[in-house]
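Take a look at the protein shown here.

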Amino acid sequence: GYSSTYSICTDLTVTARGSGLLGTIGDPEAPDPTGPIQVLLPEPASKLWMRRHLCLIKTPANDLYALGASESFIYGNEGGPRLDSTPRMVLENFPVREIAIGLEHVLYLMEDGSLLAGGRNSGGELGSGDQTPSRSGLVEVPIDSVVSVAAGALVSVAVTSDGKLWL
């Protein structure tokens, strides 16, 4: 992340270390810890993704938690800016394989190879053919058999099983 680092420990807990800028450290009482602190999750973690001031954590139950600064619509929900200093469940029973976090958008590569996106979409990065934000649900990107995703500030990239690169 921009001001913090996260890791999943062998016991499937998550630890964080860093400045805690914008609530990204996972403990509102520890804004500037000298050593790693445990992120207070209600269940074990299986994977995590981070970019700038946002960390997304997946659990074995396929629940997705957010920590740090984000906008609610990157999860397909109505709402404005969020600042979560403790993990908040944003998507329940959500079978995501990989996540790519852009500046103001997120790509969700699902277990079945489908691709969902959410976010501001100011540069058309959601792949919906327009620049409409995803305020009422995640956008299904019309690409099949996706095997890998990446995101930049205002760009999204997907690779399909036939080796095609989609921008």
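This is a predicted model: local features need pLDDT of at least 70, side-chain atom pairs count only at pLDDT 80 or more; totals for chains, interfaces and linings use all residues.

Residues are numbered from 1 along each chain as its sequence is written, and side-chain values use heavy atoms, with hydrogens and water left out. The protein has 14 strands and zero helices. Helices (H or I, at least four residues) and strands (E, at least two) are DSSP runs, numbered from the N terminus.

**Overall figures**

- Of the 167 residues, 46% count as buried. Buried means under 20% relative accessible area, exposed means over 50%, and partly exposed lies in between (1.4 Å probe, protein chains only).
- The accessible surface comes to about 7,900 Å². Carbon and sulfur atoms hold 52% of this surface. Such areas come from the Shrake-Rupley method with a 1.4 Å probe; for residues, only the protein chains shown count as cover.
- Take the contacts with a separation of 6 or more: residues 24 or more positions apart account for 41% of them. Contact means heavy atoms within 4.5 Å.

- Strands of a sheet pair through backbone hydrogen bonds, either parallel or antiparallel. Two strands count as paired here if DSSP finds at least two bridges between them.
- β1 (residues 4-8) and β2 run antiparallel, joined by five bridges. I8 has V14 in β2 as its bridge partner.
- β1 and β2 form a hairpin with five residues between them. In the turn, L12 has a positive phi of about 70 degrees.
- β2 also runs antiparallel to β3 (residues 37-39), with three bridges. Here V14 has V39 as its bridge partner.
- β2 (residues 14-18) is largely enclosed by the rest of the structure, because four of its five residues are buried.

**Around β9**

- How many residues of β9 (residues 105-110) are buried? The count is six of six.
- Both faces of β9 are covered. H105, L107 and L109 lie on one side, and V106, Y108 and M110 on the other.
- β8 (residues 96-101) pairs with β9 in the antiparallel sense over five bridges. E98 stands opposite L109.
- G118 in β10 is the bridge partner of V106.
- The β9-β10 hairpin has four residues between its strands, and G113 in the turn has a positive phi of about 90 degrees.

**Nonpolar cores**

- A nonpolar core is a set of buried Ala, Val, Leu, Ile, Met, Phe, Trp, Tyr and Cys residues joined through side-chain atoms within 4.5 Å.
- The largest core has 17 residues. L56, L64, Y75, I99 and Y108 touch the most other members.
- β5 (54-58), β6 (64-71), β7 (81-91), β8 and β9 each supply at least two residues of this core.

**A closer look at L116**

- L116 sits in strand β10. L116 counts as buried because its relative accessibility is 16%.
- Leaving aside neighbours within four places in sequence, L116 is in contact with residues including F94, V106, L138 and V141.
- L116 and P142 are 26 residues apart along the chain. Their C-alpha atoms are separated by 9.0 Å.

**The sheet of β12, β13 and β14**

- These three strands form an open, antiparallel sheet in the order β12-β13-β14.
- β12 (146-151) and β14 (165-166) stand at the edges, each with a single partner strand, so one side of each is left without a neighbour in the sheet.
- Five bridges join β12 to β13 (residues 156-160). V159 in β13 is the bridge partner of S148.
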